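Reader: I'm new to this one. Could you walk me through how to read it, feature by feature?

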Amino acid sequence: MNEIKQLIENSFLTYAQGIAQSRALIDVRDGLKPSLRSVLYANYDDGYTSAKKKRKFLTLMGSATRFYWHGDMSLYPMMIRQAKPFVTRYPLYNAQGSYGTLISSKSESAQRYVEGYLSELGNLLFVGLNENAIDMWVDNYDETDQYPFVLPSLGWWPLINGTMGIAVGIASSVPAFNLREMNEALINSLWGRPFNIPLPDFPTGATIINKGEVKESLKNGTGKSAKIRATIEYNAEEGCLIVSELPYATYTNTICEQLDVLVEEEKIDRYIDLTGIDPLIKIYIHKHSQPAQIINLLYKETSLENHYSINLTMLKDGKYPQVFTLPDAMQEHLKHEFKCYTNIYKHRLDVAQKRLHILEGYLIVIANIEEVVKTIKSCASAAIAKTELTEKFQLTLTQAEAVLKLTLSRVAALEVQK
């Protein structure tokens with residue numbers, strides 16, 4: 001019985017760890033979940049990086065299935081989410097077409113109607129990838145291709161887009177931040193200077209009314225939720241309250257259901273929902289109602305005041321779930337950038353040294369050009385010529401191969417100073 005119990009416990013732990021690593025949690029270094037990382041790389045690798053090569057999302061999904069193994073029912077919602085400016089603070093895709101509104105969470109058209117391509121920021125995630133910035137790659141599901149274990153994300157940190165994830169016994173809720181504010185904090189942290197922890201900055205706007213508690217939560221990695229209030233202003237000419245900003249992840253169909261109750265209870269007169277990509281609800285109040293009182297009522301009775309929990313549980317080194325403080329998470333990203341830049345400069349140095357080695361061989365050839373040409377002409381094959389060049393002129397095999405690839409026009413143009 002004890003053996004069976006131990007087997008079940010070990011199997012459950014393995015399963016829970018697998019879910020956390022492969023689906024639910026972001027890597028603190030690049031701020032991305034594994035599935036999204038692989039999808040973005042597939043589209044980048046296939047060249048869907050500008051308006052010149054925009055395609056239907058159905059095509060982008062076909063590209064992504066090289067690496068994405070969870071099925072297309074979940075693939076399109078994940079991809080189109082990254083194109084919605086009211087969901088993702090800094091969209092990773094540029095979309096054209098009906099990609100959804102703030103009326104409901106699933107209001108986008110089918111994937112065959114919406115076109116898209118990687119945004120400028122989406123492209124920047126891969127800077128340095130062709131210069132060996134990343135030294136660890138992952139096999140896809142049938143071991144026919146590979147994608148990066150983590151992206152370089154040099155110069156900006158996708159964690160600022162925020163994320164939510166639920167694994168087995170583990171949850172994560174990271175708010176969105178302002179890119180400029182986060183970069184300023186990262187620069188100060190890099191140089192060991194004091195810095196202000198940036199407050200969340202959600203794509204739908206609205207106002208955080210417990211900023212002190214939120215800062216403490218970010219300092220600790222968990223704690224009080226952000227309490228967010230919609231922006232509501234009174235328009236005296238129309239006699240209505242105008243809602244222009246919403247708490248994050250709140251859709252107007254939910255709010256309208258709650259407003260219907262208030263209309264039935266005669267606490268408000270009526271309302272009109274004119275929301276599209278940007279929120280716009282006009283709430284008409286009774287003639288003798290006090291706007292300030294109705295606004296307080298709306299915050300109390302509807303989702304025009306809502307909460308966003310803060311739980312900075314992320315993967316360390318892409319493997320180990322950990323609750324990070326925001327300053328510690330920032331340091332992990334800086335360490336990652338440092339490693340990427342080191343890899344890039346090592347690669348550039350290696351390329352330069354190999355080029356220098358070839359040029360040194362060319363200098364020897366220029367100094368002995370007539371004899372070199374005579375030697376090559378006298379050889380019956382390229383293999384023999386290579387051997388003769390290495391023996392007569394002390395060239396390495398690499399230098400000899402480079403010399404044999406030179407055309408006559410290039411030999412004539414070779415100059416020591418150049």
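Author: Let's start with rings. Rings of Phe, Tyr and Trp (its six-membered ring) pair if their centres lie within 6.5 Å; planes under 30 degrees apart count as stacked, over 60 as edge-to-face and the rest as tilted. This is a predicted model, where local features need pLDDT of at least 70 and side-chain atom pairs count only at pLDDT 80 or more, while totals for chains, interfaces and linings use all residues. Residues are numbered from 1 along each chain as its sequence is written, and side-chain values use heavy atoms, leaving out hydrogens and water.

Reader: How many aromatic pairs does the structure hold?

Author: There are 11 aromatic pairs. Take Tyr41 and Phe67: their ring centres are 5.9 Å apart and their planes sit at 50°, so the pair is tilted. It links distant parts of the chain, with Tyr41 in helix H2 and Phe67 in the loop between helix H3 (57-64) and H4, 26 residues apart. Helices (H or I, at least four residues) and strands (E, at least two) are DSSP runs, numbered from the N terminus.

Reader: Are Tyr41 and Phe67 buried or exposed?

Author: Buried means under 20% relative accessible area, exposed over 50%, and partly exposed in between (1.4 Å probe, protein chains only). Both Tyr41 and Phe67 are buried. Now try Tyr44 and Phe126, a stacked pair with 4.1 Å centre to centre and 10° between the planes. Tyr44 is in helix H2, and Phe126 is in the loop between helix H5 (120-124) and strand S4 (137-139), 82 residues apart. Tyr44 counts as partly exposed because its relative accessibility is 30%, whereas Phe126 is buried at 2%.

Reader: Which residues form one aromatic cluster?

Author: Tyr41, Tyr44, Phe67, Phe126, Trp137 and Tyr147 do.

Reader: What about Asp30: where is it found?

Author: Look in the loop between helix H1 (2-24) and helix H2 (34-45). With 0% relative accessibility, Asp30 counts as buried. Contact means heavy atoms within 4.5 Å. Setting aside neighbours within four places in sequence, Asp30 has contacts that include Arg37, Val150 and Trp157.

Reader: And which element gives the most to the lining of the largest pocket?

Author: On a 1 Å grid over the protein atoms alone, a pocket is an open set of points where a 1.4 Å probe fits, with protein on both sides within 12 Å along at least five of seven lines; lining residues have an atom within 4 Å of a point. H4 gives the most to that lining, with 5 residues.
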